[in-house]
Amino acid sequence: MKAIILKAFGGVENLVMTELPLPEISDNDVLVNVKSIAINPVDIKVRMGKGLAERLKEFTPIILGWDISGIVTATGRKVTAFKTGDEVFGMINFPGHGKAYAEYVAAPQAHLALKPASISHEEAAAASLAALTAWQLLKEYAGIKKGNKILIHAAAGGVGHYAVQMAKHLGAWVAGTASAKNRDFILDLGASTHIDYEKEDFETVLKDLDFVLDAVGGDYSVRSLSVLKPGGTIITIPSGSSRNIEETARAMGRIGYHFLVKSNGQNMKEIADLLEKGIVKSFISETYPFSEMRAAHLQIETKKTKGKIVLTVS
Ligand SMILES: NC(=O)c1ccc[n+]([C@@H]2O[C@H](COP(=O)([O-])OP(=O)(O)OC[C@H]3O[C@@H](n4cnc5c(N)ncnc54)[C@H](OP(=O)(O)O)[C@@H]3O)[C@@H](O)[C@H]2O)c1
């Protein structure tokens, strides 16, 4: 099969297309013929030797990627959830070795859901890591409910564009930060108000919020504490962002912490349901052929990606 391996941590030139044997599946795995994959900023960080790279450096070869959508072609002895021919999608083995940049992937049944027939493999792959992050933190960690007032930073990005739709669905009033060109995009997704971060400071226009999702990092998380009401919560997701957020938040009578998404097939089923009902949609700004992985990485590196980008594998 064709696969893209990471020959060394560093630039995109280290992503190299190669031929590898089909992966072996264990008892609880299915073998997936991958139709589409999505990539995320974590792919770039690991490629550069940061973040999860520490966990992956013991593997040879390293195959990046976690988000897949495809067709089951074989099942392990203990697989009961899926059969050959099923269309499945999900975020595989995160935060571990996902090995998604390949025509075939060995995927634990517990990390997958059936792909809704009404959406494409591209739309399904897109709605894996980014959608799962938004869903886990809004629904399970923050417990967003009707009437909550929340702020989503980077509302036009991969995580943000799902988070706006999901928060709206959960009944929240949503403010989103994005540049001027993405104003209509986030309002159409369901945001109640847009803040152009290049022209105004969100602290000057928002106050007394229940929750902030920080998908930008840097000084955004500590700055965001001032827009929370007492007892309000901020979850920050960029790796290494505001390591002191917990203490600073506590000192101000707020709650703040970093969150890391985890593979979870039950949550993927919930996302599949939202996609099937049209409550949540994947916005794909560009689709690349598998052979153009390097260009796809460079696009994510711009930090300007609108919605998601995906690659068609087979
Ligand atoms: N901890 C976890 O589990 C987890 C999971 C997923 C992602 N993450 C992290 O979360 C971050 C976001 O991920 P993503 O997939 O959403 O990234 P992404 O799709 O690459 O985000 C791009 C978006 O960021 C917006 N943006 C850039 N600078 C901004 C700023 N200063 N203020 C507001 N918006 C800004 C851009 O909007 P404009 O073009 O309008 O500027 C663009 O639409 C990354 O650091 C990623 O590694 C962490």
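**Salt bridges and the ligand site**

At 55% relative accessibility, Glu 54 counts as exposed, where exposed means over 50% relative accessible area, buried under 20% and partly exposed in between, with a 1.4 Å probe and protein chains only. The model is a predicted one, in which local features need pLDDT of at least 70 and side-chain atom pairs count only at pLDDT 80 or more, while totals for chains, interfaces and linings use all residues. Residues are numbered from 1 along each chain as its sequence is written, and side-chain values use heavy atoms, with hydrogens and water left out.

Glu 54 takes part in a salt bridge with Lys 57, their closest N and O atoms lying 2.6 Å apart; the term denotes a side-chain nitrogen of Lys or Arg within 4 Å of a carboxyl oxygen of Asp or Glu. By this rule the model holds 13 salt bridges. Another of them joins Asp 210 to Lys 229, with 2.5 Å between the closest N and O atoms. This pair links distant parts of the chain, since Asp 210 belongs to strand S11 (residues 209-214) and Lys 229 to strand S12 (residues 228-236), 19 residues apart; strands (E, at least two residues) and helices (H or I, at least four) are DSSP runs numbered from the N terminus. Asp 210 is buried at a relative accessible area of 17%, whereas Lys 229, at 32%, is partly exposed.

Asp 273 and Lys 277 form a further salt bridge, with their closest N and O atoms 2.9 Å apart; here Asp 273 is partly exposed at 32% relative accessibility, and Lys 277 is exposed at 55%. Asp 201, Glu 203, Asp 219 and Arg 223, in turn, are linked in a network of salt bridges.

A polar side-chain atom of Lys 181 lies 2.9 Å from a ligand oxygen atom, and an N or O atom in the side chain of Tyr 220 is 3.0 Å from a ligand nitrogen atom. At Ile 237, a polar backbone atom is 2.9 Å from a nitrogen atom of the ligand.

Key. A polar contact is a pair of N or O atoms within 3.5 Å; within protein, one must be able to donate a hydrogen and the other to accept it, and residues adjacent in sequence count only if both atoms are side-chain atoms.
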